[in-house]
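Selected residues are then treated in turn.

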Amino acid sequence: MHKAFKFRLYPTKEQEALINKSIGCSRFTFNYFLAKWNEQYEQTGKGWTYNACSKLLTELKKEREWLKEADSTSLQNALKNLADAFSRFFKKQNDRPRFKSRKNPVQSYTSQCNYPKKGKPTIEVVGNQIKLPKLGWVKFAKSRKIEGKILSATIRRNPAGKFFVSILCEMSACPYVPVDKEKFIGVDLGLKNFAILSDGTKINAPKVFRKYEKKLAHWQRILSRRQKGGANWHKAKIKVAKIHEKIVNARHDFLHKLSTKLIRENQG
């Protein structure tokens, strides 16, 4: 069983710069080989293989030495994601892969955890710090215990400029909770009410947006009046993103608390 643990990261200025470089290198690798893949597909009707791209990546690093600043496993993961996207495309499970944009509000890269025969793993957690490839030790908000064997870590930057890490772990077993069939409950999602339970209980939808509506409209007006691309425009853009983040966090908090309450009260 695989389980992910998400935490807020607090990198230093130097670590922030390296994270942004790693994100850019992963995005460049994905787009570079997507262009190669498209060219090959147009000519032969078939794409490249992951192994062929991996060999070419080694030569590409010699031409563009700045790629060596990023963690090598993050570039390999970019290739794996591209190969997987094309594999699902050929199976008609999804659309053709598209180029990644630097304007995307959420940017990320994934580092693999290696376990050498001698020495410590490349990703480990000690106290409220996590060791990440190239970054070294980074402080994070450890809100719960991390269980299982660490497989990888995905570092993300959200629209508000905050950094998060998702640690993917492999667990040997999933805890089993016996269920009392007499404590089942039905949930019907509605329009007027957020949900109506089978016992007649009505749950109202949270009016989170109303709380931030005036403030959001105020900063959106400021953003629209400022020249796009300027320093003040970027400041207003981050302010709008932070307000949206508060709304999303409040809605997620409501959903998590409600789902946890229903689960705990309706099983043995």
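Val208, Tyr212, Leu216, Ile222 and Leu223 are the buried residues of helix H4, where buried means under 20% relative accessible area, exposed over 50%, and partly exposed in between (1.4 Å probe, protein chains only). These buried residues pack against helix H5, residues 231-265; contact here means heavy atoms within 4.5 Å. The model is predicted: local features need pLDDT of at least 70 and side-chain atom pairs count only at pLDDT 80 or more, whereas totals for chains, interfaces and linings use all residues. Residues are numbered from 1 along each chain as its sequence is written, and side-chain values use heavy atoms, with hydrogens and water left out.

**Helix H4**

Helix H4 covers residues 208-225; because its 18 residues at 1.5 Å a residue should span 26 Å, the separation of 26 Å between its end C-alpha atoms agrees with expectation. The expected span is 1.5 Å times one less than the number of residues.

**The chain as a whole**

The chain contains 5 helices and 10 strands; helices (H or I, at least four residues) and strands (E, at least two) are DSSP runs, numbered from the N terminus. The C-alpha trace spans about 65 × 55 × 45 Å along its principal axes. Of the 268 residues, 33% count as buried. Among contacts between residues at least 6 apart in sequence, 62% join residues at least 24 apart. The accessible surface comes to about 17900 Å², and 52% of this area belongs to carbon and sulfur atoms; the areas come from the Shrake-Rupley method with a 1.4 Å probe. There are 57 positive and 22 negative side chains, and the centres of the two sets lie 6 Å apart. In this count Lys and Arg are positive and Asp and Glu negative, with His and the chain ends not counted.

**Accessibility of selected residues**

| Residue | Relative accessible area | Class |
|---|---|---|
| Ser22 | 2% | buried |
| Glu245 | 13% | buried |
| Arg221 | 46% | partly exposed |
| Lys92 | 77% | exposed |

Ser22 lies in helix H1, residues 13-44. Apart from neighbours within four places in sequence, Ser22 is in contact with Ala70, Asp71 and Tyr109.

Glu245 is placed in helix H5. With neighbours within four places in sequence again left aside, Glu245 is in contact with Asn158, Ala160, Lys162 and Phe164. Val125 lies 120 residues from Glu245 in sequence, and the C-alpha atoms of the two are 27 Å apart.

**Backbone geometry in two loops**

Most residues other than glycine have a negative phi. Lys92, although not a glycine, has a positive phi of about 60°; its place is in the loop between helix H3 (72-90) and strand E2 (107-112). Lys134, likewise a residue other than glycine, has a positive phi near 75°. Lys134 is found in the loop between strand E4 (129-132) and strand E5 (136-140).

Terms used: The place of a charge is taken as NZ of Lys, CZ of Arg, CG of Asp or CD of Glu.
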